[in-house]
Amino acid sequence: VLLNTNHVSSGINAEYGRHGKRFDHDEKLRKKAARSSHKLSMKAKKLHGLKAKMFNKKRHAEKIQMKKAIKMHEEKQTKARDAENVQEGAVPAYLLDRETQTRAKVLSNMVKQKRKEKAGKWT
C-alpha cells in the first residue's frame with residue numbers, strides 16, 4: 001500500500017501539535033546531519049562492484065556541483081570591466097573611473113548555507 005506523502009507529513013505535524021517534540025529533538029537532528037558524512041565515507045569504503053560505481057558517480061556529480069557553486073561564489077567578488085566603453089584613444093586602467101566597473105554575478109545565501117552543511121561546519 002502506497003501512502004500519500006502529504007497525508008503522512010500532515011499526520012506527523014498533527015502528532016507534534018498534540019504532544020510536542022522531545023526537548024533535544026533539534027540537537028539530535030543537527031548531530032545526525034553532522035555525522036552523515038562519516039556514514040557516507042564508510043559506505044564508500046565497503047561497497048564493491050556495480051553499486052560502488054553508481055555510488056561514486058553520484059558523489060562525483062555532487063562534488064562537481066559544489067565546486068561550481070563555490071567558484072561562482074568567489075566570482076561574485078571579482079569585478080569585470082565594461083568592454084563596450086573602449087575607444088580609439090584608450091585610457092590606462094589606473095585612470096579609468098570606478099563607475100565603469102560592474103559587479104559579477106551575486107549568489108544567494110542558500111548556496112553559502114549548503115556549502116557549510118556539506119563541509120560539516122556546525123557552529
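This is a dialogue about a predicted model and the terms used to describe it.

Mentor: The model is predicted, so local features need pLDDT of at least 70 and side-chain atom pairs count only at pLDDT 80 or more, while totals for chains, interfaces and linings use all residues. Residues are numbered from 1 along each chain as its sequence is written, and side-chain values use heavy atoms, with hydrogens and water left out.

Trainee: What makes up the fold, in helices and strands?

Mentor: The protein has four helices and two strands, in the order α-α-α-β-β-α along the sequence.

Trainee: In which element is confidence lowest, and in which is it highest?

Mentor: On pLDDT, the predictor's confidence in each residue from 0 to 100, strand β2 (residues 101-103) is lowest at a mean of 48 and α2 highest at 94. The mean for the protein is 79, with 70% of residues at 70 or more. Over residues 99-106 pLDDT stays under 50, and the model has 18 contacts there beyond four places in sequence. A contact means heavy atoms within 4.5 Å.

Trainee: Why are R22 and D24 called a salt bridge?

Mentor: The term requires a side-chain nitrogen of Lys or Arg within 4 Å of a carboxyl oxygen of Asp or Glu. The N to O distance between R22 and D24 is 3.2 Å, so the pair qualifies. By this rule the count comes to four salt bridges.

Trainee: Why is D24 called buried and R22 exposed?

Mentor: Buried means under 20% relative accessible area, exposed over 50%, and partly exposed in between, with a 1.4 Å probe and protein chains only. D24 has 18% and is therefore buried; R22 has 56% and is therefore exposed. Buried residues make up 7% of the 123 residues in the protein.

Trainee: How do you know that E27 and R30 form a salt bridge?

Mentor: Their closest N and O atoms are 2.7 Å apart, which is within the cut-off, so the pair counts. Both residues lie in helix α2, three residues apart, about one turn of the helix. E27 has a relative accessible area of 37% and R30 has 29%, so each is partly exposed.

Trainee: What makes K118 and E62 a link between distant parts of the chain?

Mentor: Their closest N and O atoms are 3.4 Å apart, a salt bridge. K118 is in helix α4 and E62 in helix α3, 56 residues apart. At 43%, K118 is partly exposed, and E62 is likewise partly exposed, at 29%.

Trainee: What makes a space a pocket, and what volume does the largest pocket have?

Mentor: On a 1 Å grid over the protein atoms alone, a pocket is an open set of points where a 1.4 Å probe fits, with protein on both sides within 12 Å along at least five of seven lines; lining residues have an atom within 4 Å of a point. The largest pocket holds about 510 Å³, a volume being the space filled by probe spheres set on the points. Of its 19 lining residues, S37, L40, R59, E62 and K118 are the closest to its centre.

Trainee: Which element gives the most to that lining?

Mentor: Helix α3 does, with seven residues.
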